Each structure stands twice: as structure tokens, then as C-alpha cells.
Amino acid sequence: MLNNFFSKNFNRSDGLYLVFIALLTAIASEIKVIPFNGEAFRFGLGSIAFFLLLLIRPPASLIRTGLITGLTVVCFRLFGDMLHHTDLLVSLKTHSPVFLFYFLYALGLNFIKIEQYKTSPLLLGAGAAGLEYIGNSAEQLTRLLLLNGVNVTFHEWILLLGVAVLRSYFVVGLYSSIIISEHKKRMQETLSLGSELYAETLYLQKSMDHIEQITASSHDLYRTLKKKELHELSVQALRIAQEIHEVKKDSQRIFAGLSKMTNEERNENFFLSDLIDFVVTANKKYSELLKKNISFHFSIASDFETNQQIPLLALLNNITANAVESIKTKGEIVFELFEEKENTYFIIKDSGEGIPKEDVAIIFEPGYTTKFSAHGVAATGIGLSHVQEIIQTLKGHVQIETSGNGTIFRIEIPTENIRKAS
């Protein structure tokens, strides 16, 4: 029966994690404070490490984890006493009660089902503090029975409760900080992906317009050839029109799917400062990847919630990535964000090589690029044309100033088109 208990749902991955919890808890418990006389009872980091690991990645069985961790901590302490030639029986009486703490603690966490309280930090901290106090009390009472001359005063029982509360809420706070950080990272990655998909939908929509024009032209050609009684050519023209129409239907299905995904990303609103932060974070990593030393600065004089985070992130990220690429090895990129009258202004300055003045009038044309591969192959050049389309969609305008000392993009968008309605 015991064998079945330990083998149930016990795979190699969970087994290694269980061993990791037990060993780390045993080691952390040696970082300690001795509150009472002697070293029988200690406030260590063991329970903190144990609780935090259970929150970060709950094992398959909390009870089994409590059993093995308790045994590991006891064995760890017995081994330490053996090195100091402590009597084995005394050592066993001193340290065996700690097993009761980890077992009862894990049993209690399993009973209250901590997963359902992870979104309620106050309740989670209170529950964990109560369980730690019960575990510590049981440990200390057991030690009182096993060892003579050991006693705990009322003041010391209060101390146990206070430490239980402090340790539990410390772990819950630390766990919440980790979760918030991870959530922000996932949110940034998801929003970045959404902005890229949004840019692709613009390109796909433009392609669909071209396909529509080609379909109409092919059908006109079919009718012209049919009137001239050129049967074979008219049939061939009709077949081409039909095949192009099929391509259009496939493109429409893809466009519908991408549009749905980008619209879903807009359900969660962000502040403009969040978007600037995302752009800076992403392009810092991009500059490091290109082995460039670029400093980023920003000034935000106005901030509000927007429901146009996907298109705004797409255009800001595109311009910033181009700025990173325009800087040779070292430079800076500056963001300015402010409101003036009924418009919101985004200004992006870089200290790169600048754009040739004769090219300024055509940089938003599809196909324009200054980027070439090591083999001299030009890039697709669709980035800035997307930027222009996004700005036009938001009924905004863009101005460019360029010189040998860098480029400045001044983007002006009506505030009502990007501010979330209150």
C-alpha cells in the first residue's frame, strides 16, 4: 500500500523536483536564528524556501513532498551532529520533531488547496501563517515530551505566532512580485506579437486589394475575348480569373483569422507609458543583439489609457528598430510624448546616420529600403509603408527631419482617436 502511494503520479521530472525541494529546504534551514535556549528550535529559511517552491511549481503530491522534505531535513541535521560527535539518541530526540512540522504544514496546504488562494494574497498569507504556527507548535510540543528540561513561555508562543505571520506574508509578497514580473513579460511578448500580426494584416489587406483588381481585369479580359469569339483564349482568361478568385478567398480567410487575433489583443487596455516602456525594452535587447551601445531616454508629459495599443506599438516599434539599425556602434534614441490642443505627439529622435534628403519624399513608398544583406540583396522595404498606413488609419500625420547627425520622426495623432473613452 505504501509502495502504491509513492508510485502514484510519480514521474521522473516530478521526482527530481521533489528532491530539489527537499535538499534546498534542508540547506536553507541551516541559515537560522536560535530564539530559545539551546539549538533544538530554530527560525531558519527552510520553511520560507519550502513554501515559495510549493507556490512557484506545486508538486504532484503535497503530502508526499512534506514527508520526504521532513525526512531529508532530519537526516541532514543528524549528519551534521555526527560530524560533531553528538550522541545519536540525543540528536534524534532533538531533530526528529522537525519532521512533524513539514508533514503537518504540507498536509494543511493540501487540505486548504492553496491553488485557489493564489489570487488572494491576504487569505493565502493568513492561511499559511496559521499552518506554520500549528506546525511549529506541534514540533515544539513534541520536543518538550522527548527532551527533559525544555520549556517554552507564553512570550515565546507569541513569538512563534509573530514569526509565522512575518515569514508567510514575506513569501506571499515575494511570490506575487515574481508572478507580476512574469505576467508583464508575457504581456509584453503577446502585445509585441500582436503588433507584428497587425502590420501583416495591413500588408495582406493591400495584397487583397491588388488581387481584387487583377480578378476584375481578368474577368474584363474574358468578356472582351468572348465578344471577339476567341473561345480558347476567353476560357483560359476565365480560368485565370477563377483561380485568382480562389486565392482571394484563401487570403480573406487568413485576413479574418489575423484580424480576430489582433482585435482580441485590444481587449486589454494600456497606458501610453506602458507602450513606450515595451518599445524601449524590446529595442534595448535588439541593440544588444546587434552589439551596439545605445542609450534610451524618454520624456512623457501626458499619459492616458489607449485602446489602440496594437497599431501604436506596431508603428513605434518599427520606427525605433529602424533607428537602432541606423546607429553604427554607439548612440542614443530619445522619445518625447505630449499633448497639445486636440492632438497627441510622439517624437522619436536618433543619433544615427540619417536619411538622404533626396529620399525623404519616398521613404514611405512600398519597396523603399536602405538595408542590404551581406550578398547585396535588398530588404522587403514594407516597414515604413506600414507606419504610414497606420498613421493614416488613425487620421494622423508624420513629419521627418534628417541630417548627418540623425533623424527625427514627429507623429501627430488626434487624441480622441487613440484615447480610451471614459
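Helices here are DSSP runs of H or I with at least four residues, numbered from the N terminus. The model is predicted, so local features require pLDDT of at least 70 and side-chain atom pairs pLDDT 80 or more, while totals for chains, interfaces and linings use all residues. Residues are numbered from 1 along each chain as its sequence is written, and side-chain values use heavy atoms, without hydrogens and water.

**Exercise 1.** Determine which residues form the nonpolar patch on the surface, and classify the accessibility of F170.

*Solution.* 
Step 1. Patch members have over 30% relative accessible area and no salt bridge, and nonpolar side chains (Val, Leu, Ile, Met, Phe, Trp, Tyr) are joined within 5 Å. A salt bridge places a side-chain nitrogen of Lys or Arg within 4 Å of a carboxyl oxygen of Asp or Glu.
Step 2. The patch consists of I56, F170, L174 and I178, with about 340 Å² of accessible area together; areas follow the Shrake-Rupley method with a 1.4 Å probe.
Step 3. F170 lies in helix α8. Its relative accessible area is 48%, so F170 is partly exposed (buried is under 20%, exposed over 50%, partly exposed in between).

**Exercise 2.** Classify the ring pairs F99–F103 and F270–F278.

*Solution.* 
Step 1. Rings of Phe, Tyr and Trp (its six-membered ring) pair if their centres lie within 6.5 Å; planes under 30 degrees apart are stacked, over 60 edge-to-face, and the rest tilted. Nine aromatic pairs are found in the whole structure.
Step 2. For F99 and F103, the centres are 6.1 Å apart and the planes at 5 degrees, so this pair is stacked.
Step 3. F99 and F103 are four residues apart in helix α6 (residues 97–112), and therefore about one helical turn separates them. F99 is partly exposed at 24%, as is F103 at 23%.
Step 4. For F270 and F278, a centre distance of 6.0 Å and planes at 75 degrees make the pair edge-to-face. F270 is buried at 4% relative accessibility, and F278 is buried at 3%.

**Exercise 3.** Identify the rings over which R57 and R419 lie.

*Solution.* 
Step 1. The criterion requires NZ of Lys or CZ of Arg within 6 Å of the ring centre and within 35 degrees of the ring normal.
Step 2. The charged end of R57 sits over the ring of Y17, 4.4 Å from its centre.
Step 3. R419 lies over the face of F304, at 4.2 Å from the ring centre.

Definitions and conventions
Helix = DSSP H or I, 4+ residues; strand = E, 2+ residues; numbered from the N terminus. Buried < 20%, exposed > 50% of the residue type's maximum accessible area, 1.4 Å probe, protein only. Patch = residues over 30% accessible without salt bridge, like charges linked within 9 Å, V, L, I, M, F, W, Y side chains within 5 Å.
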